[in-house]
Amino acid sequence: MEQRVLGRTGREVSVVGLGTWQLGADWGEVREEDALAVLDAAVESGVTFFDTADVYGDGRSEQLIGRYLRERPDAGIFTATKMGRRAEQLPEHYNLDNFRAWTDRSRANLGVDTLDLVQLHCPPTPVYSSDAVFDALDTLVAEKRVAAYAVSVETCEEALAAIARPGTASVQIILNPFRLKPLERVLPAAAEAGVGIIARVPLASGLLSGRYTRDTVFSADDHRTYNRHGEAFDQGETFSGVDFATGVEAAAEFAGLAPEGATPAQTALRWIIQQPGVTSVIPGARSPEQARANAEAAALPPLPRPTLDAVRELYDRRIRAQVHSRW
């Protein structure tokens, strides 16, 4: 699989990584052996990049990855985690003492002395303008708790603020055929600054797989049930902020753009991979089959211009009014 340098980390990662929110069982129950099988299938398919967070299953996702890393020390995995969401979301909680405690917990969960990358996990907007926060992150690097730091953001303005910080290695942002705004300023700014771009929520919480209908019901402990209107966290994290009915209809149209031999999900991933400035896309997977299918998107030929134009037209017609001004 193609490898790209992840911004200021200087490290190479696979263009298709693996998001592991679902392995924390925040999308419904996932057995430990099934989670490990997903990790193994991804690695066997060429994935070298895992993305996790300290709140995914309150550390369960990190612990599972840590176990896998111990069992496969030769796999060459770059692991990015996140911190900040285990505390009440107040800017004053983003301080050096908390950073040390949070990264120490993640280091223990993952079984490593130094975290490859720690990302602030969609912090409150005032955090981005705080010199003290970024000084504290620099201290974590100096203390070798982390090799590099980054930010996972909700909005394009937050991304631009993070990119302007000289120590920011990468920015993680929602990017998919239903969320095009980052293409306008964020990706060009990141490329100019040498900052990596990690594309998250690439399938709009599964909408772009084309598997759902208006009648699809998700389990009660799945955020696609309990966070459709932002009840638990930012609404943009669920279906990319698109209302479910609209998303299902748009996804059916998108499925018609898939080239022969490719699934709608693979088409969405291929679309993201070929956007200038993207380092890696991190779809989740609940089964080894999904992990392998996601990885196969990296081998698809680039989508032709008529398909790219059709994606833009679909976004402008059905999605833009719901998401463009907010995120």
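Q: How many salt bridges does the count come to here?

A: Side chains of opposite charge can pair when their charged atoms come close. In this predicted model, the count comes to 30 salt bridges.

Q: Let's take one pair. Which side chain meets aspartate 116 in a salt bridge?

A: That partner is arginine 11, with an N to O distance of 3.7 Å. The pair links distant parts of the chain, 105 residues apart: aspartate 116 sits in the loop between α3 and β6, and arginine 11 in the loop between β1 and β2.

Q: What does the salt bridge between aspartate 58 and arginine 105 tie together?

A: Their closest N and O atoms are 3.2 Å apart. Aspartate 58 lies in the loop between β4 and α2 while arginine 105 is in helix α3, so the pair ties together parts that are 47 residues apart in sequence. Aspartate 58 is partly exposed at 46%, and arginine 105 is partly exposed at 24%.

Q: Which residues are linked in a network of salt bridges?

A: Look for Arg214, Glu249, Glu253, Glu313, Arg317 and Arg318.

Q: Now the nonpolar side. Which residues touch the most other members of the largest nonpolar core?

A: A nonpolar core joins buried residues through side-chain atoms within 4.5 Å. Here the largest core has 88 residues, and Phe50, Phe99, Leu120, Leu137, Val171, Phe178 and Val186 touch the most other members. Helix α1 gives the most to this core, with seven residues. A second, separate core has eleven residues, including Val13 and Ala80.

How values were computed
Residues numbered from 1 in each chain as written. Predicted model: local features only at pLDDT ≥ 70, side-chain atom pairs only at ≥ 80, totals over all residues. Heavy atoms only, no water. Buried < 20%, exposed > 50% of the residue type's maximum accessible area, 1.4 Å probe, protein only. Helix = DSSP H or I, 4+ residues; strand = E, 2+ residues; numbered from the N terminus. Salt bridge = Lys/Arg side-chain N within 4 Å of Asp/Glu carboxyl O.
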